[in-house]
Amino acid sequence: MTTTTLPAPVTPPERILMGPGPSAISPRVLAAMAAPTVGHLDPYFLQIMDEMQSMLREVFRTENQLTLAVSGTGSAGMECCVVNVVEPGDRVLVCKNGVFGGRMADVAERAGAEVSVIERPFGEVFDADEVKAAIEQHSPQVVGIVHAETSTGAHQPLEEISKIVHDAGALLLVDTVTSLGGAPVEVDAWQLDAVYSGTQKCLSCPPGLAPVTFSPRAVEKIENRKTKVASWYLDTTMIRNYWGEQRSYHHTAPINANYGLHEALRIVLEEGLEARHARHLRNHQALAAGLEAMGIDYAVAEGIRLPMLNAAKIPEGCDDAKVRGQLLNQFGIEIGAGLGPMKGKTWRIGLMGEASSERNVLLFLAALERCLTDQSVSVTPGSGVAAANAYYAG
Ligand SMILES: *Cc1c(COP(=O)(O)O)cnc(C)c1O
């Protein structure tokens, strides 16, 4: 018999999570997740599920019956929406202006769709006219788009595009992984058909579940499918019998992850959606004022910037990895690197959920000044913090 040394117990370092997710988690959520596990058909858990569904409807601003939390991260939510509304041979148009639009096209292709993609450079958004032109060219049954492109920091307006998609008789599939809980997502008012999110961005819950909601139009398409949903695990025609009245076993729900989301949703609704969105905007604007005062530009034009994900251009002569390393090792602050064509050119500074706070904005600006100064980038001392404070005071 060999003797092995047991690894040390889990003792994660204390981090200030200001990257593209996961974001800071409230101790209330962590405590809920540590509550005793009950059975997945226990009356107590069924009550938790019902309450979660009704809170998810509130957060998604929808009356959609088919609203639930998929067991899996945001990408599972993406797969769930795609494989349920798409049948092999369907024409799907994907609007790609970042990594997640690209992922959506890949998922749709794997689901057997005939995929066409329209592209915009990273950091830009689509206007309704170009989506209209592409719909006329490809006549898709489903159009997919990302509301908050976490890879670029761009905020895609949806209302006009939604009208165009419906006028053409198609369904609109929307990625709200990063926007939900941080900026308005109006599923019913904007008539979004298949919508998914994730728990670890602005809902401030550990990764592991993906809230989804389907409009009656989407449900009709699902019910009229000629083929089975390509994924057994993500087939809403079966999952809904567990979340609905039948309560038939499909897979064992991750009980404690659901406890966590239940508490996270309670926190969101306690604060109120409007107040929460206003807080995200305010901290974003304070950060923007601070960065501008330090001579740092955004990689996204004003007016289409995401409040919860700030893509900032890395100053000339500054070592990207060194700055991120120093932020992490010296100050415990995690930010994200640029992705794709923005790699090495931008930093992605998240102000998501619990992490969207005055404390984090001021701490980050002060720490960044130190890192830039160490890189011999010239910064007027105190300029970032002063500008953010002035914004908060005004
Ligand atoms: C994070 C993210 C995803 C993927 O979510 P995972 O939880 O990493 O699977 C999808 N879309 C967007 C816009 C995201 O920000």
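This report describes helix packing, nonpolar cores and selected residues in a predicted model.

**Helix pairs**

Two packed helices are described by the angle between their axes and the distance between the axes. Two pairs are set out in the table.

| Helix pair | Axis distance | Crossing angle |
|---|---|---|
| H5 (residues 128-138) and H6 (residues 159-167) | within 9 Å | roughly 20° |
| H9 (residues 255-271) and H10 (residues 273-293) | within 5 Å | roughly 85° |

The crossing of H5 past H6 is right-handed. On the H5 side the contact is made by Ala 128, Val 131, Lys 132 and Ile 135, and on the H6 side by Glu 160, Ile 161, Ile 164 and Val 165. Sorted by class, the contact of H5 with H6 has six nonpolar residues, two charged residues and no polar ones.

H9 and H10 are roughly perpendicular to each other, because angles from 65 to 115 degrees are counted that way. Their contact brings Ile 267, Val 268 and Glu 271 of H9 against Leu 273, Ala 275, Arg 276 and Arg 279 of H10. In the contact of H9 with H10, four residues are nonpolar, three are charged and none is polar.

**Surroundings of H6**

Which residues of H6 are buried? They are Ile 161, Ser 162, Ile 164, Val 165 and His 166. The buried residues of H6 pack against H5, strand S5 (142-146), S8 and helix H7 (216-223). Just after H6 comes Gly 169, with a positive phi of about 80°.

In soluble globular proteins, nonpolar side chains tend to be buried together. In this model the largest nonpolar core has 85 residues, and Val 85, Leu 173 and Phe 214 touch the most other members. The element that gives the most to this core is helix H2 (residues 43-60), with nine residues. Another core, of 30 residues, lies apart from it; Met 18, Ala 286, Ile 296 and Ala 312 are among its members.

Leaving out residues up to four places away in sequence, Val 85 touches Asp 90, Val 142, Leu 171, Leu 173, Ala 194, Phe 214, Ala 218, Lys 221, Ile 222 and Arg 225.

Met 52 is part of helix H2. Its relative accessibility is 0%, so Met 52 counts as buried. Beyond four places in sequence, Met 52 touches Ala 69, Trp 243, Asn 258, Leu 261, His 262 and Leu 265. Asp 235 is 183 residues from Met 52 along the sequence, and their C-alpha atoms are 20 Å apart.

Thr 176 sits in the loop between strand S8 (171-175) and strand S9 (194-196). Thr 176 has 0% relative accessibility and therefore counts as buried. Apart from neighbours within four places in sequence, Thr 176 is in contact with Phe 60, His 147, Val 185, Val 195, Tyr 196 and Ser 197.

**Leu 328**

Leu 328 belongs to helix H11 (residues 320-331). Is Leu 328 buried or partly exposed? Leu 328 counts as partly exposed, because its relative accessibility is 25% and buried means under 20%. Other than neighbours within four places in sequence, the contacts of Leu 328 are Arg 15, Ile 333 and Glu 334. Between the C-alpha atoms of Leu 328 and Lys 226, which are 102 residues apart along the chain, the separation is 52 Å.

**Backbone details**

The peptide bond from Gly 21 to Pro 22 is cis, with omega near 0°. Pro 22 lies in the loop between strand S1 (16-17) and helix H1 (27-33).

Ser 204 is not a glycine, yet has a positive phi of about 50°. Ser 204 is placed in the loop between S9 and strand S10 (209-214), and at 3% relative accessibility Ser 204 counts as buried.

Ser 376, another residue other than glycine, has a positive phi near 60°. The loop that holds Ser 376 runs between helix H12 (358-374) and helix H13 (383-393). Ser 376 is exposed, with a relative accessible area of 67%.

Note on methods:
Residues are numbered from 1 along each chain as its sequence is written. This is a predicted model: local features need pLDDT of at least 70, side-chain atom pairs count only at pLDDT 80 or more; totals for chains, interfaces and linings use all residues. Side-chain values use heavy atoms; hydrogens and water are left out. Helices (H or I, at least four residues) and strands (E, at least two) are DSSP runs, numbered from the N terminus. Buried means under 20% relative accessible area, exposed over 50%, partly exposed in between (1.4 Å probe, protein chains only). Contact means heavy atoms within 4.5 Å. Axes are lines fitted to C-alpha atoms, for helices over the stretch in contact, and angles run from 0 to 180 degrees between N-to-C directions. A crossing is left-handed if the near helix is turned anticlockwise from the far one by less than a right angle, and right-handed if clockwise. Ala, Val, Leu, Ile, Met, Phe, Trp, Tyr, Cys and Pro count as nonpolar, Asp, Glu, Lys and Arg as charged, and the others, Gly among them, as polar. Angles under 35 degrees count as roughly parallel, over 145 as roughly antiparallel, 65 to 115 as roughly perpendicular and the rest as oblique. A nonpolar core is a set of buried Ala, Val, Leu, Ile, Met, Phe, Trp, Tyr and Cys residues joined through side-chain atoms within 4.5 Å.
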